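Here's a short walk through some of the strand pairing in this model. Keep the structure open while you read.

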Amino acid sequence: MSTLRKFKKVVVAAGLSLTTTVWLASAVLMAPTALAYSDGDLLKDASTANIYVVNNGMKVWVRSAAVFDDCSYDWAKIKTVSNLSATPTADLIKSASNPDVYRLEKNFKRKLASTEIFTSYSLDWNKVGTVCQHVLDSYSIAPLIQQTSSPDIYWVQTDTLKHKMTSWQSFVDHGFNIADVIGINAMEMGSYSEGAEIGVTPTVTKSITVVAPNGGESYTAGNTVNIKWQSQEVSKVSIYLNDAPIGTAGGSDYSIATNINTVSDSYTWLIPGDFFIKNPEFATGNNFRIRIYNYTVDNNTATKDESNNNFSIVSAPLPMCSDSDNGINYEVPGTINGLSNSMATASSESDDYCLDQNTLIEYSCLDDHYQQKNTYTCPYGCENRACNKKPYTSIKIGNPGLVQFPNSDSGDRIARGVQDLQAYQGRIYVGDGDASNNRGPIKV
Ligand SMILES: [Ca+2]
Ligand SMILES: [Ca+2]
Ligand SMILES: [Ca+2]
């Protein structure tokens, strides 16, 4: 079978230089009518905004701005025209550097492997457009070919290799589109070598099965749940906690995790200690199931599963409150350890303190778990996180011989003269106490 390369050799042997395209040589021989546009003209269709490059009197679509740039076309040279349909569209193209001719059909290209094939379709050598290599590359190879009068459809892997689809089901399984099938003649069909047949793809079913918790388990907020599942043909999942009654679809969904890889098919969830405080729509108890969905960017959640039965989650027990000064005790600086508010799940410490020189903030426990504080006006001032004690305002200094003063020992029963009284920091001191026993001053 002769090839286009051979054809080119023949033309070169006839004296044409390599830089002159063989197709243009043919065009000259065919004496075409005068062209409306010149080679390289860049035309923009006024109605579609598509841009075309002109060659050999025909237009070829430049399929993207990137292709336009890759070909080093000049944006400033684009002419917008309104009657582009008058300019024929090339359905045979080649690049300047390669003699291979491609036929364009359904916006795909396919290489015509020989001059015989070209001729078998009664194609016109004069109707080949020479285009920038990037324009040629921007067309995909026609993926599907079928010989007229044959039921067999082939997938075209490369310019020279085809694979027979063994059945309609295999065609469907591979997602091919019947609209893309291009009918070709026996000669062209025979020019491809034949690779392995394309069979039916084994049916793969996506599935997710929740393994744990699957019903009957008990958890406490603040603890972890080891969520496990099995999956097939699912790469990522989203995990929810749901409280719909068994056998129903609704309920509230709490998002535990999303976009989780199924590599380990497990996820450890720490139930927040304040779960029921922050999510009041959920009641504690045996109300819960795990739902796992196939995670897809388009939210296709058709593949899913949930725990077969309910499991239980209950609130964490509240920590107990303690108070170092045992409740409301204004004259002792205390420290409390308890929940600071109803949203708190962990105890915190607070010290009694003086708000100003007369006002005490006194902490005490409420309902065994919570901190509460009183604001108290100290009658004798607030110092060192507590109220000052009531100062002495009077003192009896009577006949010391009749009282045990200050201790109940016999030595102190001796009368003593009071020679001095001194007040110091709210207290009165008796000077010159017990001269005979060398005691004093004695604090009263
Ligand atoms: Ca299940
Ligand atoms: Ca207290
Ligand atoms: Ca106190």
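β27 and β28 pair in the antiparallel sense, with two bridges between them. Strands here are DSSP runs of E at least two residues long, just as helices are runs of H or I of at least four residues, and both are numbered from the N terminus. Two strands count as a pair if DSSP finds at least two bridges between them. One spot to look at is Y353, which sits opposite I361 in β28. To get from β27 to β28, the chain goes through a hairpin of four residues.

A word on the ground rules: this is a predicted model, where local features need pLDDT of at least 70 and side-chain atom pairs count only at pLDDT 80 or more, while totals for chains, interfaces and linings use all residues. Residues are numbered from 1 along each chain as its sequence is written, and chains are lettered from A and ligands numbered from 1 in the order in which they are written.

## On to β29

Now carry on to the next strand. β28 covers residues 359-366 and runs antiparallel to β29, with eight bridges joining them. You can trace that pairing through T359, whose bridge partner in β29 is T377, and through S364, which faces Q372 in β29. The hairpin of β28 and β29 has three residues between the strands, and D367 in this hairpin takes a positive phi near 55°.

Put together, that's an open sheet of three strands in the order β27-β28-β29, with antiparallel pairing. Its edge strands are β27 (353-354) and β29 (370-377), each pairing on one side only.

## A mixed sheet

There's also an open sheet of five strands, ordered β13-β10-β11-β12-β14, and its pairing is mixed. Here β13 (181-184) and β14 (193-194) are the edge strands, each with pairing on one side only.

For a parallel pair, look at β10 (residues 144-147) and β13, which are joined by four bridges. Among the contacts there, Q147 has I184 in β13 as its bridge partner.

## Y293

Is Y293 buried or exposed? Y293 counts as buried because it has 22 C-beta neighbours inside 10 Å. The cut-offs are 20 or more other C-beta atoms within 10 Å for buried, 12 or fewer for exposed, and partly exposed in between, with C-beta atoms placed from the backbone.

You'll find Y293 in strand β21 (residues 285-294). Y293 and V210 are 83 residues apart in sequence, and their C-alpha atoms are 10.0 Å apart in space.
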